[in-house]
Structures are given as structure tokens and as C-alpha cells.
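Trainee: I would like a close look at one part of this model. Please take me through the salt bridges and the surroundings of their partners.

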Amino acid sequence: MPIVAQSNETDWVSRFADEVIAEAERRAPGKPIVCASGLSPSGPIHLGNLREVMTPHLVADEIKRRGYDCVHILSWDDYDRFRKVPAGIDPSWSEHIGKPLTSVPAPPGSEYANWAEHFKAPMVAAMEQLGIEVHPISQTLQYTTGAYRDQILFAMRERGRIDAVLDRYRTKGKTGADRAGTETAGGEKAAGAGAQETQARQQKGRKLDEADAAAAEAAAEGSGAAGEDDGSGAGAGYFPYKPYCSVCETDFTTVTGYDDETTDLAYVCRCGHAETVRLSEHNRGKLVWKVDWPMRWAYEGVVFEPSGVDHSSPGSSYVVGGQLVKEVFGGEQPIGPMYAFVGISGMAKMSSSKGGVPTPEDALRIMEAPLLRWLYARRKPNQSFKIAFDQEIQRLYDEWDALERKIADGSAQPADAAAYGRATRTAAGELPRTPRPLPYRTLASVVDITTGHGEQTLRILRDLDPENPITSLDEARPRLDRAENWIRTQVPVEQRTRVREEPDTELLASLGDTERESLRLLLDGLDEHWSLDGLTTLVYGVPKLQAGFPADAKPTPELKAAQRAFFALLYKLLVGRDTGPRLPTLLLAVGADRVRRLLAV
């Protein structure tokens, strides 16, 4: 018996779940509720694509929590055509353009059987980490096993009606070749960061910053699905089906005739091959995208599926598909929000994406799965947001830790609590957590200074809280590992912290009496204050004591200036720069004996 849950009016996931449950009961009472996503493994599946999967996952998961039978299907559009050779791949791969993605060899050195499997694998692994359960559907298998045969034959019989619907949205004077460049299959629908979206945002007067523009460009280059027209432009009439050539395997084919009675389909290929196949037996081709998508809605009984903002425009696959599914295929268009752009902060430092948009796999190397889930759960689908790969990730983790404290003491707002709950658990259970979630910025500073040396790292982490010391690095994992990966892959070598081996005798000799006294006060207080909190009090308190104030006095503007000057001096003497990691963490990392040696006057 389904559990009827109260809708949280401030929680977008609950509101969609209410709507989807009601719609499913209207359409097919008692049947499993189908939520859907579609991804094209034509290149790296990036963090914009993840919104295509995360949005229905969150809604489906809420429906499952309420006790309903719900399935989240993920259509892998691996039967799309190979459209272009991405940067960094051997140009000779251009000979495979036009073939299905599953017929293209994987990139050089890959362990996978084909191009599609190579790019699917990292996303599958990321979804497992993120707790996203899907029912995968390979469109290659669907088409080549004849699963869609009846739907294909039906679409060919009804091609006149399909053409009439499509014609309502065609621009007069626009050629078929022009149209081919304006609509893409599954993956670009999923990208949420593609070229069409960029254009739409710019037309609305919202100027993208450099990182957004770079992400959009990379998405258009490396992650979209095969470019698809709507089947028009052929001299022999309109046909919604495009065969792959039996000789060269590409879709550079043109249908030249079709017999509704025998289902004989004649085509010619750019390679010179021409043949007639019996469509009732032929399994090497597919419906064009604008027909394929609504066909699948009806075939799968999809109730909920989101799409990128490019589909808000007239003539888009989503808009046209809504007419085709109703007027031709006898189904209904899914409920589904248009989801907005996912930007990247600091993507210029990415080392693993080779200039492209970072992937979920990249993000999960530097942040824990609940945090990444939270970024998608806390924003409505139509709200854009950024994922941080730069220093902003530290502030993001601070915000996350503050939310956890509010959850613990019951002070979190309902919407924040709901997003947190969706980030940390699914209907299947809790996601793995770090037992001792020490501040990310502290962990990053420690591994920066120790260069990941285990014994040194453990010594420092133990000293953070002497009254409740950490006893094993495993207590700080996986957050510790994520912080170490961030330092190693996202922070340029020249910005990493290197503690001086020997004292800066020249600088020490040049110091005045006030500066010398400040160093003596610091060194005298080390033993008494040797903890993270204690050293924080000490480094902020030295300038106060020098000015004749108690250590707990509120700082004046003059005191703040003195503190800044003191901090800059310590950084110069310890790491040879004006700035660095937080001083209490740095002092713990350097160790009391070495601090005394470097600061002795």
C-alpha cells in the first residue's frame, strides 16, 4: 500500500513527486511509474548531463520513499551517429563519422569494446557512487533486436501525418542541411550546457562569464549526441527512418522509395552502394530523433522526463514531440521541467578533461558524493548553478558543514533539511560518509604542507583536537582523499605550500623591536596553545597583547591592521610568501620544534 506523504511546499522534489503520482494514477492506475533520462555517449558525459539524470532520480527516489512502484529508465543513445572527432583523438577516426557509436572503435588505449562503452563506463561508475539507480536501455539493442519494429513500421505508414506535424514548425526557406544542424539527439537534450542553450541565454540578455562560455563551448564540442534532421529533404518524399548502410555502416543514406504493403525500402548511400531491404526484417537503422523521442515516450509510458532549456523554443524536439506523441503515437507527453545551465568555477585548472567540461567522475575525485548530490538537490531545475573546482570548493564545504550542524540541532529550514536528506540518503539507504568530517580547508592545507605523507598527516590531525584525537586516517576518509586529490590536480604547483628548510636569517636580522617581541610572544605560547583552537587564539591574540589589550578583546581597525602585518610576517618566515594556509593549521603542520627554529630571534 503506497505511503501518502505530505508535500513540502518549499521542496521542488516533493512538488514534482505529487504531480507525477497524480498524473500516473490518471494515466494508468496501479502500474509502475516511469521516470526517464537520456544520454548520448558520443564523448565525455559532463556535469551538465548529470542534471538530466539527477533531476528524475531525485523525483523517482521520492516516489519510492512513499512506497510507490517507480522505475527510472536511462536510455543510452548509443545508436546515434558518430558526428565528429573530438580534440585529442587521432584524426583518422574521421573515417568512422556517420556510423553508430557502438560501431566506432574506442579511443586509442581504451579497454572497452567500442566508443559508446568507453564513454558510458565513467558515468556508470559515477552513478553508482552517487546512489543513482537506473534501468539502463541500450538503443543499439532496442533497434538491432527489432524491439521497435512495430513502431518503425507504424511511423513509416503514418509518415504523411508526421510530416504534416513537423511542417508546422519548419522555417520557410530553410534547407534540410540547415535543419540538420539545429537539432540533436538525446545527449544534447541532456547536456544543459550546449551551444543552443548558450545562444538562448545570450538572446535573453544574460551574459555568460568566461567559465560559462568555455563550458558551453566544450559541451557542444564533446558531449552532445549525433546531429539529426527531422527526416525531410529527400527527393523521393518524407521518410522518418534512416538506414545505416550495409556496406560502409554509415547513415550517409537517402531513402529513395518505400512500399507500405511489402515494407520494401530502397536506399542509396554516399559510398555508392544501393539496395532494397524489407523493413519488417531490417534492423540496421533508426527513426530520426524528432520522431524517435516521442515514439519512446509512448512505448515506455514515460510520465516524467526533464529536458534542457533549448527545448523551450518553438520547433524544438520537446515541443514537436509533444504534438507527435499525442496525434500520431497515441501517447502523452511526459511532465518535465526545463533544466538550466550547470557552470564550472575554476575549470581552467582541470587537468583530466583536456580542455573539456569536467565530468561527474572528475567532481567525485575532489568532493564526496553527498555534497555533489546536494548541489543538484538544493536548486530548482530551472535555476542555474556552478560547481567549484577552485578555492570556492572550500567555502562550499564550509556551507555544507554548517548545514550539518543545523540539521543536528534542529535549526535548519525545511527546504534545506529536505535537500540535505536527499543528498545523504536514497530510498535504498544511506550513502557512505566520512566518520570524522574535519573541515575540508584544513585537510587541504595539511596535505598541501605534508604532500600527502601519511605519518605527518596523522600527527597534525591528532593535534587538531588533543582532547578527542583522531587515531587513524581512515576516520577522515573519504574527505581526506578528496582534499588531497584537489590539491594535487587543481592547485598549480607554484601555488602549493613549501615550508622553508632553513630560517630566513636576512629577514630576521632586519626586524624591529615590535616584530621581534611578537615572535617571542608567539613562541612562548606554543606549548600552552598547541591545538587548532588554541593556536587560533594565540595568533590573533599576540597583536592584542602587544597593544595592551586582553586576548579576548574585540579588534579595532588598528588591531586588525596589526594582525594582518603579523600574519604576513609569519608567512614570509615560514613559507616565503605573504599568504598561505590558515596560520593555526600551518603551525600545527610545521610542528613546534621546526616553528621555533624558523622563528627564533
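Mentor: What follows goes through the salt bridges pair by pair, then turns to one lysine.

Some ground rules come first. This is a predicted model, so local features need pLDDT of at least 70, side-chain atom pairs count only at pLDDT 80 or more, and totals for chains, interfaces and linings use all residues. Residues are numbered from 1 along each chain as its sequence is written, and side-chain values use heavy atoms, with hydrogens and water left out.

A search of the whole structure gives 40 salt bridges. The term means a side-chain nitrogen of Lys or Arg within 4 Å of a carboxyl oxygen of Asp or Glu.

Start with arginine 378 and glutamate 399. They form a salt bridge, and their closest N and O atoms are 2.8 Å apart. Arginine 378 sits in the loop between helix 14 (369-377) and strand 12 (385-388), while glutamate 399 belongs to helix 15 (residues 392-409), so the pair ties together parts that are 21 residues apart in sequence. Helices (H or I, at least four residues) and strands (E, at least two) are DSSP runs, numbered from the N terminus. Arginine 378 is partly exposed, at 23% relative accessible area. Glutamate 399 is also partly exposed, at 30%. Here buried means under 20% relative accessible area, exposed means over 50%, and partly exposed is in between (1.4 Å probe, protein chains only).

Now take arginine 596. Its salt bridge with aspartate 527 has the closest N and O atoms 2.8 Å apart. This pair links distant parts of the chain. Arginine 596 is in helix 25 (residues 592-599), and aspartate 527 is in the loop between helix 21 (513-525) and helix 22 (532-546), 69 residues apart. Arginine 596 is partly exposed, with a relative accessible area of 27%. Aspartate 527 counts as exposed, at 60% relative accessibility.

Arginine 596 also forms a salt bridge with aspartate 593, where the closest N and O atoms are 3.9 Å apart. Both residues lie in helix 25; they are three residues apart, so about one helical turn separates them. Aspartate 593 is exposed, at 64% relative accessibility. Elsewhere, salt bridges that share partners join Asp11, Asp18, Glu62, Arg66 and Arg422 into one network.

Last, the lysine. Lysine 120 lies in helix 3 (residues 115-130). Its relative accessible area is 10%, so lysine 120 is buried. Leaving aside residues up to four places away in sequence, lysine 120 touches Pro41, Trp76 and Asp78. Contact means heavy atoms within 4.5 Å.
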